[in-house]
Amino acid sequence: MDLSERLRVAEALARQAASLALGLRPSANSEAITLKGAQDWLTEADGAVERFLSDELAKHFPEDGFQGEEAGMHREGTLRWVVDPIDGTSNFAHGGQRWCVSVGLITEGRAVLGAVVSPELNQCFLASEGCGATLNGKPIRAAATREMGRAIVECGWSPRVANPDYHALCQAVMGAGAMMRSGGSGTLGLCDVACGTLDAYVERHINLWDVAAALCVLSEAGARVSPFMADGGAERGGPILAAAPGISEALAGIAGMRLAA
């Protein structure tokens, strides 16, 4: 399967989508900012960016399927594009810089391509199956960290998980000596693991559109990852753990999760 043309198009469209989002960014406290649920933010830019990506991908690859966060899956195909128009919407809506456009491609239970563009952080993560992962054109690898006491770990929060369970996870990670971080974008947290600026990311529940692009970036960068797709994450979401190889087994034990073979 030649993914080179799809990766080229995905990068170009993700960059255009990020520019579109910036142009539609609402001011803080704007009536254009709503909540779908507890801390589940939505702006007019989310819908506009998703429509743009859906339409453009259909033009380039009419045989492919498509799934977006806001509209859900509305085209079937052996290859399925999965996009998060704005991951880190709470940051985006509050004027923060830590948000991104995520464009992933999945097939037969595998994530085979990822393009993640964070315009205000000046970051573009790209990966395709068997061809490695890059950040701004330079190859990336997961960190060489081997001790939890030297690790920086992000524990992602989800309203689908009871707060006591989230607190227990954080306490277990800190109890192992790791430093905690929380950045408000699961996609970027996972990509940070891929490029080694973060040693691990763990979350009790995350959706497919948050990880579809990042899973390929992580795999191609040599990170260890839990079996999100094999465990049904593509259909209903689920837990995710991504880590530098040297701490992956320890963290999986702490979090009560397993790693993919």
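Reader: What should I know before I start?
Author: This is a predicted model, where local features need pLDDT of at least 70, side-chain atom pairs count only at pLDDT 80 or more, and totals for chains, interfaces and linings use all residues. Residues are numbered from 1 along each chain as its sequence is written, and side-chain values use heavy atoms, with hydrogens and water left out.

Reader: How do I read the confidence, and where is pLDDT under 50?
Author: pLDDT is the predictor's confidence in each residue, from 0 to 100. Where it is low, the predicted coordinates should not be read in detail. Here the protein chain has a mean pLDDT of 92, with 92% of its residues at 70 or more. Residues 37-41 stay under 50, and the model gives them 13 contacts (heavy atoms within 4.5 Å) beyond four places in sequence.

Reader: Next, the cores. Which residues touch the most other members of the largest one?
Author: In soluble globular proteins, nonpolar side chains tend to be buried together. A nonpolar core here is a set of buried Ala, Val, Leu, Ile, Met, Phe, Trp, Tyr and Cys residues joined through side-chain atoms within 4.5 Å. Buried means under 20% relative accessible area, exposed over 50%, and partly exposed in between (1.4 Å probe, protein chains only). The largest core has 38 residues, and Phe125 and Ile140 touch the most other members. Elements that each supply at least two residues include strand S8 (123-128), helix H5 (186-195) and helix H6 (208-220); helices (H or I, at least four residues) and strands (E, at least two) are DSSP runs, numbered from the N terminus. H6 gives the most, with 10 residues. Apart from this core lies another, of 30 residues, among them Val9, Ala17, Leu57 and Val112.

Reader: And what does Phe125 contact?
Author: Beyond four places in sequence, its partners include Ile140, Leu188, Cys191 and Val217.

Reader: Now helix packing. How do H1 and H2 cross?
Author: Two packed helices are described by the angle between their axes and the distance between the axes. Axes are lines fitted to C-alpha atoms, for helices over the stretch in contact, and angles run from 0 to 180 degrees between N-to-C directions. The axes of H1 (residues 4-23) and H2 (residues 44-60) come within 10 Å and cross at roughly 155°. H1 and H2 are therefore roughly antiparallel; under 35 degrees counts as roughly parallel, over 145 as roughly antiparallel, 65 to 115 as roughly perpendicular and the rest as oblique. Residues making the contact include Leu13 and Ala17 of H1, and Phe52 and Leu57 of H2.

Reader: What about H5 and H6?
Author: Their axes come within 9 Å and cross at roughly 0°, which makes H5 roughly parallel to H6. Thr187 and Leu190 of H5 are among the contact residues, as are Ala214 and Val217 of H6.

Reader: How many residues of H5 are buried?
Author: 10 of its 10. Gly196 follows H5 with a positive phi, near 85°.

Reader: Is Asp192 buried or exposed?
Author: Asp192, in H5, is buried, at a relative accessible area of 4%. Beyond four places in sequence, Asp192 contacts Arg98, Arg181, Thr197 and Leu198.

Reader: And where is Leu121?
Author: Leu121 sits in the loop between S7 and S8 and counts as partly exposed, at 30% relative accessibility. Beyond four places in sequence, Leu121 contacts Gln97, Arg98 and Leu188.
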